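Hi everyone, thanks for coming. Could we get the structure up on the screen, please?

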Amino acid sequence: MDVACTPSPATPGFDPRDLRRALGSFGTGVTVVSTLAADGRRVGVTVNSFSSVSLVPPIVAWSLQCRSPSLAAFDGCGRFVINVLALEQLPLSRRFASPLPDKFDGVAHHAGLAGLPLIDGCAASFQCRTVQRHEVGDHVLYLGQVEAYAHRPGAGLLFCQGRYAQGVELDAA
Ligand SMILES: Cc1cc2nc3c(=O)[nH]c(=O)nc-3n(C[C@H](O)[C@H](O)[C@H](O)COP(=O)(O)O)c2cc1C
């Protein structure tokens, strides 16, 4: 798959930084999306654009900045793993959001389908095959079919208004 992502002109009346703050009002979980590069390197990126799309068939989505050095690995592999971070994995969110030469160095993980890395201790994992890829503005949107998944009880890490958070139950129903 080609990496093109032609830069778009700014949209008049929209300040991207203010738009980002507004979008940040929508709280999310935090994931590390992982894959294998063609040379066998383990690659991972902190992502909160993850969402579920369809249950039958099971399809999930996430998006990656066009300028990401990890883009070629996700395109080349055609597979990815969504690692949903647990509360105590906050340091992993920071680690995988940093431009380190080997983000997996010292991170406990094991090999899943096609040898892709699954991070140990996550709240959930979804092993996916890329079924669609769309260049949308300054991001590439990936849709993946879930081929295997796992989850465990325990709180997931949350992210809202640019800050990490933990959930507090408001409705016990
Ligand atoms: C909580 C959080 C959520 C993020 N979500 C995304 C996302 O959905 N897509 C994206 O491209 N970058 C996202 N980022 C930024 C990337 O993690 C960061 O740019 C990272 O360096 C990308 O890895 P790379 O340098 O290997 O491309 C997020 C960062 C944080 C801290």
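This is a predicted model: local features need pLDDT of at least 70, side-chain atom pairs count only at pLDDT 80 or more; totals for chains, interfaces and linings use all residues.

Okay, the ligand. There are 17 residues around it, and the nearest ones are Thr46, Ser49, Gln65, Ser68 and Ser70. Where do these neighbours sit in the fold? Well, strand β3, residues 42–47, and strand β5, residues 59–65, each give at least two residues to the shell around the ligand. And what sort of residues make up that shell? We get 8 nonpolar, 8 polar and 1 charged.

Now let's look at some contacts. Ser68 has a polar side-chain atom 2.4 Å from an oxygen of the ligand. With Ser70 it's also the side chain: one of its N or O atoms is 2.6 Å from a ligand oxygen. Thr46 uses its backbone instead, with a polar atom there sitting 2.8 Å from an oxygen of the ligand. So how much of the ligand gets covered by the protein? On its own, the ligand would expose 630 Å², and the protein buries 81% of that.

Next up, the aromatic rings. A quick bit of background: to describe a ring pair, you give the distance between the centres and the angle between the planes. Searching the whole structure turns up 8 aromatic pairs. Take Trp62 and Phe80: their ring centres are 5.7 Å apart and the planes meet at 70°, so we call this pair edge-to-face. Trp62 is in strand β5 and Phe80 is in strand β6, residues 79–84, so the pair links distant parts of the chain, 18 residues apart. Are these two buried or exposed? Both Trp62 and Phe80 are buried. They also belong to a cluster, where ring pairs link Trp62, Phe74, Phe80 and Tyr142.

Here's another pair, Phe126 and Tyr149. This one is stacked, at 6.3 Å centre to centre with 20° between the planes. Phe126 belongs to strand β9, residues 124–136, and Tyr149 to strand β10, residues 139–151, so the pair ties together parts that are 23 residues apart in sequence. Tyr149 counts as exposed, because its relative accessibility is 59%, and the cut-off for exposed is over 50%.

Last stop, helix α1, residues 16–23. How many of its 8 residues are buried? The count is 0, so to speak a helix that's hardly covered. At the start of α1, have a look at Asp15: one of its side-chain oxygens comes within 3.0 Å of the backbone nitrogen of Arg17.

Terms used:
Residues are numbered from 1 along each chain as its sequence is written. Side-chain values use heavy atoms; hydrogens and water are left out. Buried means under 20% relative accessible area, exposed over 50%, partly exposed in between (1.4 Å probe, protein chains only). Helices (H or I, at least four residues) and strands (E, at least two) are DSSP runs, numbered from the N terminus. A polar contact is a pair of N or O atoms within 3.5 Å; within protein, one must be able to donate a hydrogen and the other to accept it, and residues adjacent in sequence count only if both atoms are side-chain atoms. A residue is near a molecule or strand if one of its heavy atoms lies within 4 Å of it. Accessible areas come from the Shrake-Rupley method with a 1.4 Å probe; for residues, only the protein chains shown count as cover. Ala, Val, Leu, Ile, Met, Phe, Trp, Tyr, Cys and Pro count as nonpolar, Asp, Glu, Lys and Arg as charged, and the others, Gly among them, as polar. Rings of Phe, Tyr and Trp (its six-membered ring) pair if their centres lie within 6.5 Å; planes under 30 degrees apart count as stacked, over 60 as edge-to-face and the rest as tilted.
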